[in-house]
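Subject: Model for you to look over

Dear colleague,

Please find below the structure I promised to pass on.

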Amino acid sequence: MTQLLSLSRSARLAGVTRAEIQRRIRRGELTTFEGEIAVSDLLRVFPQVSLDNDDALERVQRIKAMALPRSHDADTVLPSPEVLRSRLKGMGEALAAKVSALDAAHTLLDDVEARLAQLGQAPTQAGLQADIRELADWLAQSHQALTDRTTLDREAQLLAKDNFLRLMAASVKLIPSGRDFFVEGDESILEASVRAGLHLAYGCASGNCGACKARVVSGEVRKIRDHDYPLSTREKEMGYMLACSNTAVTDLVLEAAEALSVDDIPPQEIRATLQGKEMLDGDLISLHLQTPRTQTLRFMAGQRALLTLEDDSAAELPIASCPCDARNLRFLVRRRPDRPFAAAIFGDQVRPGHLVLIQGPVGRFVLDETATAPAVFVAFGEGIAPMRGLIEHGISLDTIESFHLYWQAPGDASPLSLEQGRWCRALQDALDNFTLTPLPHADTQEILARLLADHPEPGGRRFYLAGPRSRIEPLAEALRNHDVAADRLSMEFLED
Ligand code: FES
C-alpha cells in the first residue's frame with residue numbers, strides 16, 4: 001500500500017522548501033499522485049532525510065512547550081511536556097511499526113495469490129509437487145522475515161515522524177484554491193493562514209465582524225476565544241465557524257473566501273492612533289500607527305495606503321510592515337517642506353495619540369504568487385520598505401526558488417541602513433536561497449552590468465524594482481532590452 005504525503009508535509013519532513021519539492025516534480029524526479037508524494041519516492045530523492053532529532057522536531061517541541069500546559073478539565077493533570085513528547089514519539093513509532101507490518105503482510109498476501117495462480121500450470125504431478133514445496137519454503141521464509149522485523153525500516157520511521165508532527169501541527173487545505181498551510185500550537189486558523197502568506201477574508205480579527213466565516217468540510221476545530229459575532233443555528237449545522245476564533249484540532253479541509261488578487265480586497269477606512277515617530281535620519285521618519293482593537297487593515301505586502309492627518313494634509317505611502325500584524329502599521333516619511341503632510345509630521349503638532357485616517361489599500365506592487373522563478377529585487381533608498389514586505393511574503397509562501405536583493409542604501413551609517421542591514425543579515429543566516437548585494441553609488445549601467453553578471457539569462461527571472469522614478473525607469477528600460485518581458489517586471493515609484 002503506497003503511503004502518500006502532501007507537498008507541505010513532504011517539504012517539512014525532508015527539511016527543504018516547498019519550492020525545492022516543486023522543482024523536483026517539474027524535473028520529473030518526484031512523481032505526484034493527485035498532488036501528493038509517495039513516502040518511498042521522497043526517501044529515494046532525499047536519502048539524507050534526518051529521521052530523528054532534527055530542527056522540525058526541536059521547533060514543534062518549543063511550540064508544544066508554550067501551548068501545552070493548559071487543561072480545561074480540572075481533574076486532568078498533564079505530564080510535563082518532555083514526558084508527553086517521549087510518550088507521543090513512542091506511540092507514533094509503535095503505530096508506524098504496525099502500519100509497516102500490515103503493509104508488508106498485504107504485499108505478502110498479494111504475492112501468495114499470484115504464486116497460487118501459477119501453481120496449476122506445472123505439466124506433471126512431480127512438477128506440481130516441486131512447485132508446492134518451493135512455495136511452502138518461500139512462504140515460511142517470508143513469514144519468518146515478517147516476524148523478525150524488530151526495527152522500523154526507513155519508510156516506517158518517516159511515517160512515525162510524520163505522525164508526531166501531525167500531533168503538533170494540523171494541516172489545513174483551502175478549497176477551492178487548493179492551497180494549504182499548518183496551524184501550530186493553538187494559534188487561530190486565521191493567524192496561521194496570514195503567517196503562511198495567504199489572504200483569507202477577514203475584518204476585525206477578533207470575532208466581531210463575521211468576515212472570516214468559513215465552512216469546515218472535514219476535520220475538527222476548537223474555539224479558542226469567545227466571539228460577539230452570532231452564527232445562526234443553521235450556519236453551525238452546516239459547519240460554519242470563525243477562522244479568527246478557532247484553531248484546528250485535526251487536519252482540515254476548509255471552504256473559505258480568499259483574495260487571489262488586489263481586486264479582491266475591499267477598500268477600507270480606519271481611524272488609527274499615532275503610536276510613535278522614530279527619526280531614522282535627519283530627513284526620514286518612521287511612523288507607527290495602531291488601528292483599534294476591533295479593526296485591522298487588510299492588505300497585501302507591497303501595497304500603499306492614503307494617510308490623512310487631523311489638519312486634512314494627506315499622503316499616499318507604501319506600507320512598510322507585514323500584513324501578518326495588520327493592527328500595527330509602519331510608514332516612512334521623507335522630509336519635504338513643500339508637502340503639508342511631511343511638514344506636519346516633522347513638526348511638533350503631530351504627536352503620539354494623534355488620530356490618522358487610513359484609507360486603502362491601494363496599488364498593484366505585490367508579489368506575483370504564480371511565479372516560482374528566481375526573484376530579483378532592486379531597491380533605491382526607502383524603496384526597501386515595500387520590498388521588505390514582498391520578500392517576507394515570498395518567504396512565507398515558500399514557492400519562489402531564490403531571492404536576490406540589490407539595495408542602494410541612503411548611507412552606510414544611517415539608522416535605516418543599519419536596521420535593514422540587520423534584517424538582511426538575519427535572512428542570509430536563516431536561508432540558503434537569499435542573497436544581498438549592496439549597490440553603493442552605482443549608476444544604471446553599473447547596476448545593469450551587475451545584474452547581468454549574476455543573472456546571465458534575465459528573461460527567466462522575476463524582477464521587482466522600487467525607488468524614485470528617475471532611477472527605476474532607465475533600469476526597467478534596460479532590462480526590457482535584455483529580454484525581460486513586461487509581465488515579469490513590477491515597479492513601484494517613490495517621490496524623487
Ligand atoms: S475577522 Fe471579524 S469575526 Fe473574524
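The notes below go through confidence, domains and a few local features.

This is a predicted model, in which local features need pLDDT of at least 70 and side-chain atom pairs count only at pLDDT 80 or more, whereas totals for chains, interfaces and linings use all residues. Residues are numbered from 1 along each chain as its sequence is written.

On confidence, pLDDT is the predictor's own confidence in each residue, on a scale from 0 to 100. The mean for the protein chain is 85, with 91% of its residues at 70 or more. Helix α4 (residues 55-67) has the lowest confidence, a mean of 48, while strand β8 (residues 240-242) has the highest, at 97; helices (H or I, at least four residues) and strands (E, at least two) are DSSP runs numbered from the N terminus. Over residues 63-75 pLDDT stays under 50, and the model has 16 contacts beyond four places in sequence for them, a contact being two residues whose C-beta atoms, placed from the backbone, lie within 7 Å. Where pLDDT is low, the predicted coordinates should not be read in detail.

The domain assignment, whose bounds come from an automatic or database source, divides the protein chain into domain 1 (1-49), domain 2 (53-165), domain 3 (176-255), domain 4 (266-362) and domain 5 (375-494). Between the C-alpha centres of domain 3 and domain 5 there are 35 Å.

Strand β17 (residues 375-380) runs parallel to strand β18 (residues 403-408), joined by six bridges; strands pair if DSSP finds at least two bridges between them. Here F380 stands opposite Q408 of β18.

Lastly, D487 lies in the loop between α14 (469-480) and β21 (489-494), and counts as exposed because it has 9 C-beta neighbours inside 10 Å. D487 and R462, 25 residues apart in sequence, are 8.7 Å apart from C-alpha to C-alpha.

With best wishes

Definitions and conventions: A residue is buried if 20 or more other C-beta atoms lie within 10 Å of its own, exposed if 12 or fewer, and partly exposed in between; C-beta atoms are placed from the backbone.
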